[in-house]
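Open the structure in your viewer and keep the selection panel handy. We will go stop by stop, with a note on what to look for at each one.

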Amino acid sequence: MTSPLQRFHPFIPAGGVGSRLWPLSRADAPKFLLDLTGSGSSLLRATYDRLAALTDGPIMVVTGRSHAGAVQEQLPELTGSDLVLEPSPKDSAAAIGLACTLIERRDPTAVIGSFAADHVVEPAEAFQAVVREAVLAADTGRIVTIGITPSSPATGFGYIKAGESLGLAGAPHALAVEQFVEKPDEATARQYVASGRYTWNAGMFVAPVGLMLHYLRESEPELARGLDRIADAWDTPERDAVVDEVWPTLTKTAIDYAVAEPAAAAGAVAMVPGDFTWEDVGDFAAINRLNKVDPRTDSQVSILGQNNRVLADESSGIVVSDTGRLVALIGVQDIVVVDTPDALLVTTAEHAQRVKNAVDSLKRNGDTDVL
């Protein structure tokens with residue numbers, strides 16, 4: 001049999017609008033299609049490039065139908081069979097489950113890897129070394145997740161409680177997983193970090209495709225049957241008709257509930273610690289952390305955008321602008337300004353998570369033209 005690394009089939013779930021990044025991220029321009037780090041690459045393009053070094057085969061992308069053109073433009077190497085389009089958002093179990101079901105049809109011996117499109121990871125070489133170890137650990141019959149060493153007692157992430165070393169050849173850092181823990185309050189998060197036994201759950205999964213689908217079929221049989229129907233029609237002229245019929249009936253649930261938690265309870269989950277910098281770009285405070293100020297200037301303001309004009313005097317924070325309008329900051333700290341042609345956001349890094357509340361209010365008021 002070929003080596004596990006030769007049977008590695010990575011894919012990228014690319015979904016979610018990123019409402020905490022409004023008005024930069026919108027329904028027709030979600031965050032994974034944007035360059036949020038000033039690198040010149042979108043988050044999706046950077047994710048694809050990291051994974052391309054790990055496989056000689058194709059990389060699948062699962063995204064919404066409305067994003068098909070933009071994704072194809074950013075990833076021209078994608079073939080039609082590897083661009084999987086969802087008619088509507090159905091949470092991660094449907095997206096990841098469909099990718100696994102399609103890959104199983106192509107290669108029942110595959111080791112799959114699921115990596116979200118909106119994460120920032122550095123350096124790429126360290127990430128790739130960890131993924132290779134995860135692939136070798138997965139080939140021993142386990143679902144493997146990559147745990148991120150916490151840099152703070154964050155309450156916005158789930159946590160993984162690690163157990164003892166598994167002593168696996170080729171995967172010396174692989175640990176047993178005792179438990180997946182939901183997002184904690186701050187006091188609990190501090191206890192987790194202090195214990196040294198918990199890592200952030202970054203939602204990265206590497207597993208034998210058959211094992212992944214075994215737990216999905218066991219815990220969500222109706223969802224799995226629907227995905228099988230879609231996969232059966234995938235390479236036929238009936239694909240679109242079957243997707244349109246079946247997709248609305250699928251259960252909406254997260255892959256953590258459908259697969260990771262029951263597998264962990266059965267002792268079938270391992271974790272490889274990720275010794276790289278990881279950021280889930282969830283709000284403007286995260287973008288501010290990622291975009292350092294220019295050391296050649298006296299400004300403490302990070303600036304993003306191709307057509308920006310910013311004047312800063314005794315201020316700090318981040319400005320995102322493509323309008324060409326002058327943005328003057330005087331004596332304000334940790335400010336967040338996002339200037340677009342039809343919407344202006346002003347907040348602070350401390351309140352960055354509350355941007356989602358503004359989006360919810362706009363939806364309730366019917367102001368969908370700016371969403």
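Contact here means heavy atoms within 4.5 Å. Helices (H or I, at least four residues) and strands (E, at least two) are DSSP runs, numbered from the N terminus.

A word on what you are viewing: this is a predicted model, in which local features need pLDDT of at least 70, side-chain atom pairs count only at pLDDT 80 or more, and totals for chains, interfaces and linings use all residues. Residues are numbered from 1 along each chain as its sequence is written, and side-chain values use heavy atoms, with hydrogens and water left out.

**Stop 1: inside helix 9**

Now select residues 255-265, which form helix 9, and show the side chains of I255, A258, V259, A260, A263 and A264: these are buried. Buried means under 20% relative accessible area, exposed over 50%, and partly exposed in between (1.4 Å probe, protein chains only). Step past the end of helix 9 to G267, where phi is positive, near 75 degrees.

**Stop 2: two helices that cross**

A pair of packed helices is described by the angle between their axes and the distance between the axes. The axes of helix 6 and helix 7 come within 5 Å and cross at roughly 125 degrees. That makes helix 6 oblique to helix 7. Axes are lines fitted to C-alpha atoms, for helices over the stretch in contact, and angles run from 0 to 180 degrees between N-to-C directions. Angles under 35 degrees count as roughly parallel, over 145 as roughly antiparallel, 65 to 115 as roughly perpendicular and the rest as oblique.

To see the contact, select L216, R217, E218 and S219 of helix 6 together with P221, L223, A224, L227 and D228 of helix 7.

**Stop 3: two cis peptide bonds**

Zoom to W22 and P23, which are joined by a cis peptide bond with omega of about 5 degrees. P23 sits in the loop between strand 1 (8-14) and helix 1 (43-52). Then jump to E122 and P123, where the peptide bond is also cis, with omega near -15 degrees. P123 belongs to the loop between strand 5 (119-122) and helix 4 (124-138).

**Stop 4**

Which residue of helix 3 comes next? Select D91, found in helix 3; D91 is not a glycine, yet its phi is positive at about 70 degrees. D91 is partly exposed, with a relative accessible area of 39%. Move on to E314, in the loop between strand 13 (309-313) and strand 14. E314 is another non-glycine residue with a positive phi, near 50 degrees, and E314 counts as exposed at 67% relative accessibility.

**Stop 5**

Finish with the open sheet of four strands, ordered 12-14-16-17 with mixed pairing. Its edge strands are strand 12 (300-304) and strand 17 (344-348), each pairing on one side only. From one strand to the next, the twist averages 10 degrees. Two strands pair if DSSP finds at least two bridges between them; strand 12 and strand 14 (residues 316-321) pair in the parallel sense over five bridges. To find one of these bridges, select Q300 and its partner S316 in strand 14.
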